[in-house]
Amino acid sequence: MENHTHIRVRELSVYYGREQALKNISVDIPEKRITAIIGPSGCGKTTLLKSFNRLIDSIDGVRVSGEISMNGDNIFNPKIDVTLLRKKMGLLSQRPHPLPMSIYDNVAYGPRIHGIRKKRKLDQIVEHYLKESSLWEEVRDRLHTPASGLSVGQQQRLCLARGLAVEPEIILGDEPTSALDPTASQRIEEKFLQLKARYTIVVVTHILRQAVRLADYVVFLYLGELIEHGPAEEVFKSPKKELTQGYIKGVIV
Amino acid sequence: MQKLQIIQDRVARQVMFALAAFAGLIVFLMAFGLFVRSRPILESFPLFELLSSSSWHPLKGEFGLFPFLLGTLWVTGVSIVVAVPFSLLCAIHLSEYATRRICEWVKPLIDLLAGIPSVVYGICGVLIIVPLIKNHLAPLFGTFSTGYTVLAGGLVLAVMVFPIIIHVALEVFSSVPYEVREASLALGATKWQTVKLVVLRKAMPGIIAAIVLGISRAFGETMAVLMVAGNVARVPKSVFDPAYPLPALIANNYGEMMSVPLYDSALLLASLVLLLVVVFFNILSRFVLIHVEKGIQ
């Protein structure tokens with residue numbers, strides 16, 4: 001299979017007030033692959049990820065220069081509809097944050113917002129995506145109980161189902177397993193490997209082994225700068241830059 | 001030396017316990033005291049008659065508290081109907097939309113509102129709201145009014161209740177984790193959808209608590225209402241009628257005409273009723289909170 005670029009980042013710089021969080025990043029995120037963004041904490045991984053769906057917009061005093069384009073459209077174009085852009089991307093955050101409503105309503109939230117009202121259609125969607133995230137069997141009898149009653153691992157799979165239910169093209173994971181126990185993490189990782197056949201996945205992770213297990217493509221950031229990027233095998237086996245070599249050996253933490 | 005410190009520790013602990021216990025007991029002591037002093041009138045008339053009779057003629061020995069109860073309810077009701085939407089929208093704006101710089105300016109100003117003495121509110125009410133109702137609002141609805149009305153009391157109270165509801169609501173909104181909003185936005189919800197469907201829902205128990213706090217304040221507020229509500233011992237039939245709320249009754253009359261038999265007992269019964277109503281509302285709010293918390297999450 002050939003690699004198509006799904007998200008194209010060109011000369012992206014992000015400032016929080018006077019502080020520059022990302023410095024002149026240019027990178028191509030391949031379609032229907034898992035891309036891992038790695039690097040020590042505070043290096044701008046999450047900022048890069050949240051630039052993709054423009055969640056950084058709502059941070060006070062943020063400034064952005066450069067360009068990110070998805071399927072050729074610049075996402076910073078003031079004319080684009082941010083809600084449509086965000087609908088194309090499902091987000092999994094560090095800890096699961098179920099919405100304050102039932103399991104069913106959590107999954108149905110996105111579709112309802114985007115105009116689906118028919119009960120039968122919603123029922124189908126909820127069932128489908130709960131199965132897709134391997135949660136259906138565990139919750140089918142208590143769909144209408146509060147989502148906060150689920151375990152953290154289940155909540156994270158619920159958040160995955162909630163994100164998938166708006167039919168995105170891209171899944172963004174911001175250290176999605178950092179709050180989970182090993183078994184629950186493994187389930188999410190397995191899910192990602194299945195889902196990459198249909199979705200472009202971008203995962204921020206500080207767990208190197210997870211990057212090795214999952215990634216097809218690796219982006220290594222260090223203090224806001226892009227140090228190295230390339231196919232996972234190349235980056236992990238024969239990193240070109242000294243910083244990358246050091247990080248992969250675990251010297252820089 | 002060692003021993004002295006141990007004694008100090010023990011004494012300090014017991015003194016603090018006593019103080020804490022006393023603080024907790026004050027409500028009961030006050031209720032008990034009021035009850036004892038209102039016994040004479042309770043022995044002379046059945047409670048139901050006192051609360052449901054509309055005739056207040058102390059000189060004739062008639063002590064119907066019904067007009068005052070309703071006066072309180074009307075004024076409080078108007079104030080809440082006005083204050084809740086205003087203050088909630090204001091709090092939503094400050095917490096979800098306004099930039100930090102605006103918040104830093106506006107929040108202290110709103111908190112300042114809470115510290116203004118109620119006499120000042122009363123004066124402003126007399127000078128601004130009363131003439132406004134008399135000259136503009138009442139004619140607009142085709143009625144005559146002196147301006148000293150339920151509406152005037154309610155509006156003045158509403159302004160006094162704003163800062164309380166806004167302050168508590170802001171605290172509640174800021175306790176909703178940012179990531180929950182982010183989760184909603186990331187699904188393609190607009191800001192307003194996120195506020196309406198997620199933030200308000202998550203904050204609902206706290207908002208109810210804020211409103212009940214506002215109601216309690218409105219119930220007990222005396223001076224400002226007394227100055228603008230008209231103080232006529234009749235059951236109000238519309239917002240353009242005067243009202244005579246319980247606190248105004250007590251403040252206006254206690255200490256005067258005490259030679260009239262049972263008069264002071266009647267006023268203390270009014271105080272007791274006021275106290276019980278506020279306690280009742282607080283308990284009610286607890287129940288609502290528990291119920292709502294179970295429903296959502």
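**Two chains set against their definitions**

Modeller: Chain A holds ten helices and ten strands; a helix is a DSSP run of H or I with at least four residues, a strand is a run of E with at least two, and both are numbered from the N terminus. The model is predicted: local features need pLDDT of at least 70, side-chain atom pairs count only at pLDDT 80 or more, and totals for chains, interfaces and linings use all residues. Residues are numbered from 1 along each chain as its sequence is written, while chains are lettered from A and ligands numbered from 1 in the order in which they are written.

Biologist: How do you know whether chain A agrees with a compact globule?

Modeller: The radius of gyration is taken over C-alpha atoms, and the globule rule is 2.2 Å times the number of residues to the power 0.38. For 253 residues this rule gives a value near 18 Å, and chain A has 18 Å, so the two agree. The C-alpha trace of chain A spans about 55 × 45 × 40 Å along its principal axes.

Biologist: What makes α6(A) mostly covered?

Modeller: A residue is buried if 20 or more other C-beta atoms, placed from the backbone, lie within 10 Å of its own, exposed if 12 or fewer do, and partly exposed in between. By that test twelve of the 13 residues of α6(A) are buried, among them Arg157(A), Cys159(A) and Arg162(A). The cover includes α3 (103–113), α4 (119–132) and β7 (170–174) of chain A. In chain A as a whole, 46% of the 253 residues count as buried.

Biologist: How do you know what span to expect for helix α6 of chain A?

Modeller: The expected span is 1.5 Å times one less than the number of residues. Helix α6(A), residues 152–164, has 13 residues and reaches 18 Å from its first C-alpha to its last, close to the 18 Å expected.

Biologist: Why are β1(A) and β4(A) said to pair?

Modeller: Two strands pair if DSSP finds at least two bridges between them. One of the bridge pairs is Ile7(A) with Met70(A) in β4(A). Strand β5(A), residues 73–74, is joined to β4(A) by two bridges, also antiparallel, and there Ser69(A) stands opposite Asn74(A).

Biologist: What lies between β4(A) and β5(A)?

Modeller: Two residues separate these strands in a hairpin, and Asn71(A) in the turn has a positive phi of about 50°. Most residues other than glycine have a negative phi.

Biologist: Which residues of the largest nonpolar core touch the most other members?

Modeller: A nonpolar core is a set of buried Ala, Val, Leu, Ile, Met, Phe, Trp, Tyr and Cys residues joined through C-beta atoms within 7 Å. Of its 144 residues, those with the most such neighbours are Ala152(B), Val156(B), Ile165(B), Ala169(B), Val228(B), Ala229(B) and Ala270(B). Helix α6 (residues 150–175) of chain B gives the largest share of this core, 18 residues.

Biologist: With which residues is Ala270(B) in contact, leaving aside neighbours within four places in sequence?

Modeller: Contact requires C-beta atoms, placed from the backbone, to lie within 7 Å. By that rule Ala270(B) is in contact with Leu65(B), Phe68(B), Leu246(B), Leu249(B) and Ile250(B). Chain B comes to eleven helices and two strands, and 37% of its 297 residues count as buried.

Biologist: How many residues of chain B are in contact with chain A?

Modeller: In all, 20 residues of chain B are in contact with 21 residues of chain A. On the chain B side, α7 (178–186) and α8 (191–220) each supply at least two residues, and α7(B) gives the largest share, seven residues.

Technical notes. Two residues are in contact if their C-beta atoms, placed from the backbone, lie within 7 Å.
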